[in-house]
Amino acid sequence: MVALLLAALLSAAVPLPLASDPEVSALVAEALANSPDLARADAAARAEGERAPQVGSLPDPTLTLGIQNDGFQSIQIGTMETSYWQVMLTQPVPWPGKLSARQAAARAQASVVGAEAARLRLATTAEVERAYVDLLLVRGQLELLGKLETLWAEAEVMARTRYEVGQGAQSDLLRAQLERTRLKQRRVTLEGDERTRLQALNRLRVHPLDEPVPTPRPLSAFADPVLRAAAEAVRDAERRSPDLAIAELAVQAADRRVESAGQDWFPDLAVTAGVMPRGQIEPMWTVQLGITLPIWGATRQSKGVEESRIRREADARGEEAVRQLVRLRAEERRTVLAAALQTLEIYRGGILVQSDAAVRSTLAQYQVGKVTFPSVLEVLRGLVVDEGGYLEALAAAQRLAIADREVSLAPPGAVAGGNPGGSMPGAASVSTGGRPGGAASAPPPAAVPAATGMPSGM
């Protein structure tokens, strides 16, 4: 029992990759099982697969019924040799190889549609993971807001005490009360953001929009993405990219269409068999072989072959363009992720510790009258920038890892930054030149945005 408890504690202490988190895996499984877009894509792929048997089957035969009679006075069947009933069956037969070529082209096109469904499946997985990260981010910002509320409550008590004993100004107390009121306003904004993030996640898994989604682990509890060697990252992206697979399959389908168009040069055949009963006279029978003459359609067929070849060339160029883009995005994501991981190390190894120490030191010094209240205001604002920026950097790193698993073709800047509902209100551009305690906030790199888009006053 003790061993099991120890193992559970150790497993809880080890950072878990986001993609391996049980909560995330369950949400992804629900989205994949319930998504109407995926169901539609899968149905389209199955429908496309049904085309190959159709184009590979023989055309329907033609049954001809008729009568030939000598004269108009009476039916002469059985009396005149040239009077008879007629039953004929004609079966069109495409030139050998035509049907198999058309069937191969249809199968190749079906594989393209199937790969597009796989692309959508991977994109849905990434979308759920990103929505979960966004939810974690805004909940982390709410937690940070709670910490700030506690610190501002302490600052207000200090300001009130100093004012009551005549050592502080009334404006300090009023400023502290104002900041606490502003925090209430920002909490309303963040709670609204949390609801929208929750609704977005529930929409993806086709659940009631306001259904609660637990997040037992904060962003900081997840393992940082692994930075791989550049060559390995590019090879892995080329191997797993669904967009590149679609482009390659499109070229293969174009090859099959070129082959099928080349078969159209050959004529089609028609086999006809018939019997002509003549009553008491011995019946007659006939067998005929027809063949189309590619005279008027020669230009059409040559243009069709040329069209297929040009389209194949276009698909080949498109494949190369996608391959280059896949390589570029893999390299870009690796570069931006390297900067993001370095930024996280700076936050953990210096900025967060120094920022917290600066807040505690400044509050203690204000309590004994060694610093002014504007110094308290500045360090608390700096704390918002630092801890809010750390949360944004964590989210940005996880978004880059999600994009890497998705093998996204989007620029890494659009992937790492830009959280529609997650920017925490309350952090303005803070001057770092005169912060007590020496805890200057180092802004993160451009690809890992800090929480700087907030109204002033926190």
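Here is a short walk through a four-stranded sheet, a nonpolar patch and one buried leucine. The model is predicted, so local features need pLDDT of at least 70 and side-chain atom pairs count only at pLDDT 80 or more, while totals for chains, interfaces and linings use all residues. Residues are numbered from 1 along each chain as its sequence is written, and side-chain values use heavy atoms, with hydrogens and water left out.

Let's start with the sheet. Strand S3 (residues 269–278) is joined to S4 by nine bridges, and Thr272 has Gln288 in S4 as its bridge partner.

Now for Leu63, which sits in strand S1. Leu63 is exposed, at 54% relative accessible area (exposed is over 50%, buried under 20%, partly exposed in between, with a 1.4 Å probe and protein chains only).

Over to Leu99, in helix H5 (residues 98–164); helices are DSSP runs of H or I, at least four residues. Leu99 is buried, with a relative accessible area of 16%. Beyond its neighbours within four places in sequence, Leu99 is in contact (heavy atoms within 4.5 Å) with Val55, Gly56, Ser57, Leu58 and Pro94. Pro53 lies 46 residues away along the chain, with 9.8 Å between its C-alpha atom and that of Leu99.

Note on methods:
Helix = DSSP H or I, 4+ residues; strand = E, 2+ residues; numbered from the N terminus. Pairing = 2+ DSSP bridges. Patch = residues over 30% accessible without salt bridge, like charges linked within 9 Å, V, L, I, M, F, W, Y side chains within 5 Å. Areas by Shrake-Rupley, 256 points an atom, 1.4 Å probe, with all protein chains shown as cover. Salt bridge = Lys/Arg side-chain N within 4 Å of Asp/Glu carboxyl O.
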